[in-house]
Structures are given as structure tokens and as C-alpha cells.
Amino acid sequence: MTLPQDELAELRAQVRELTDRAAINELLDRYIVLLDTQDENGFDDTWPPTVFTDDVRMTFPVGTCEGLSDVAQLHHVAKNRFARTLHLSSNHTIALDGDRAEVRLHVVATHVHHPSGEDRPHFDIGGYYKGEAVRTEAGWRLRTWAFHLVWSTGPGPDGGCAVESP
């Protein structure tokens, strides 16, 4: 059976879109897992190129950074404020536009304080990430990435609350 050229072209376009969506979802999942696993054996600046472009611009409530070395340092400092963390993501949305895509995901995270002799509740947060992914020679990477905090409970890393809950 031979398919007409227009039907073949449509199938190719659908396969490309599905492949791109799968690759971007994998990229987002890789980042969320790395939030908990990067630097397990000390400072590691090798992981950011697996997620971000060289010229990445990242914005968090604690600050903004540009470039891969700044991304590695920001994550290292933030993670070391806690003994352990666990990040969960959902509701990945991907708006493809050729070799770029607008992406968003929701995240809930638990941060366990370092032992201090006092029983401190976890610092839990909820919010969303939003940014732009681009196709590179190495695959899809995030070029801009911002975390928007919606709520938090428990004492933050300095002992205070990060935001007031509504």
C-alpha cells in the first residue's frame, strides 16, 4: 500500500511533534530529578549543560543568574541549605513553535532541615516553573527558566517563612 505524499508529510509532522514533546518532557523530568540528586558527591558543575543552553537566564525568588557556571553555583548553594529535598512535578505544558517551545510545569517540594537539636518542621513549597526550551545540537535545552513561588509552609532555610500563605 502506498500513501499519498500529503498524507506521508502529515504523518512525518505528527511523528516530529510527538518526538519533540517526548524529548522536552524528558528534559523537564531530568531537571526535576537533578534538583534532588545534583551535588550528591560534592559540587558538580557537569550537570547544567545536560539541561540548559550556554546562555541560560534563570530567575528564582532568591536571585537571578546567567550562564552555566552561575546555574551550577546557585543550585549548589540552595540545595546545601537543607539535608535532603524531594521535588515532584506535574502538569507539563508544551507549546511547540518550530525549534523553540514555551514550557510550564507545576512543582511541589519538601525540604528537610539539617539536624540542629530541635525538631523543625519541613519547609514545603508549591509553585510553577516557566521558560523557553530550544532545539540545540545536543537536543532540547532550556534557555530561560523561572520559578514562581505560590505558597510555602514551615520555616525556610533561615528559620523564617519564605512567603505568607494566603
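Two strands count as paired if DSSP finds at least two bridges between them, with strands (E, at least two residues) and helices (H or I, at least four) taken as DSSP runs numbered from the N terminus. Everything here is a predicted model, where local features need pLDDT of at least 70 and side-chain atom pairs pLDDT 80 or more, while totals for chains, interfaces and linings use all residues. Residues are numbered from 1 along each chain as its sequence is written, and side-chain values use heavy atoms, leaving out hydrogens and water.

**View A. Strand 4 and strand 5 side by side.** Strand 5 covers residues 123–136 and pairs with strand 4 in the antiparallel sense, over twelve bridges. Look for V107, whose bridge partner in strand 5 is G127.

**View B. The hairpin of strand 3 and strand 4.** Here strand 3 (residues 84–97) meets strand 4 (residues 100–112), again antiparallel and with twelve bridges. I94 has V103 of strand 4 as its bridge partner. Two residues sit between the strands, and G98 takes a positive phi near 70°.

**View C. Around E132.** This residue belongs to strand 5. Is E132 buried or exposed? With a relative accessible area of 13%, E132 is buried (under 20% relative accessible area; exposed is over 50%, partly exposed in between, with a 1.4 Å probe and protein chains only). Its side chain makes a polar contact with the side chain of R100 at 2.7 Å; the term means a pair of N or O atoms within 3.5 Å, where within protein one must be able to donate a hydrogen and the other to accept it, and residues adjacent in sequence count only if both atoms are side-chain atoms. Setting aside residues up to four places away in sequence, E132 also touches A101, E102, R141, L142, R143 and T144 (contact is heavy atoms within 4.5 Å).

**View D. Helix 1 and what covers it.** Helix 1 runs over residues 5–37, and its 33 residues reach 47 Å from first C-alpha to last, close to the 48 Å expected at 1.5 Å a residue (1.5 Å times one less than the number of residues). Its buried residues include I24, L28, Y31 and L35. Among the elements covering the buried residues are helix 2 (68–79) and strand 6 (139–153). After the helix comes D39, with a positive phi near 65°.

**View E. Y31 and its surroundings.** Leaving aside neighbours within four places in sequence, Y31 is in contact with W47, V51, F52, F60, H75, Y129 and W145.
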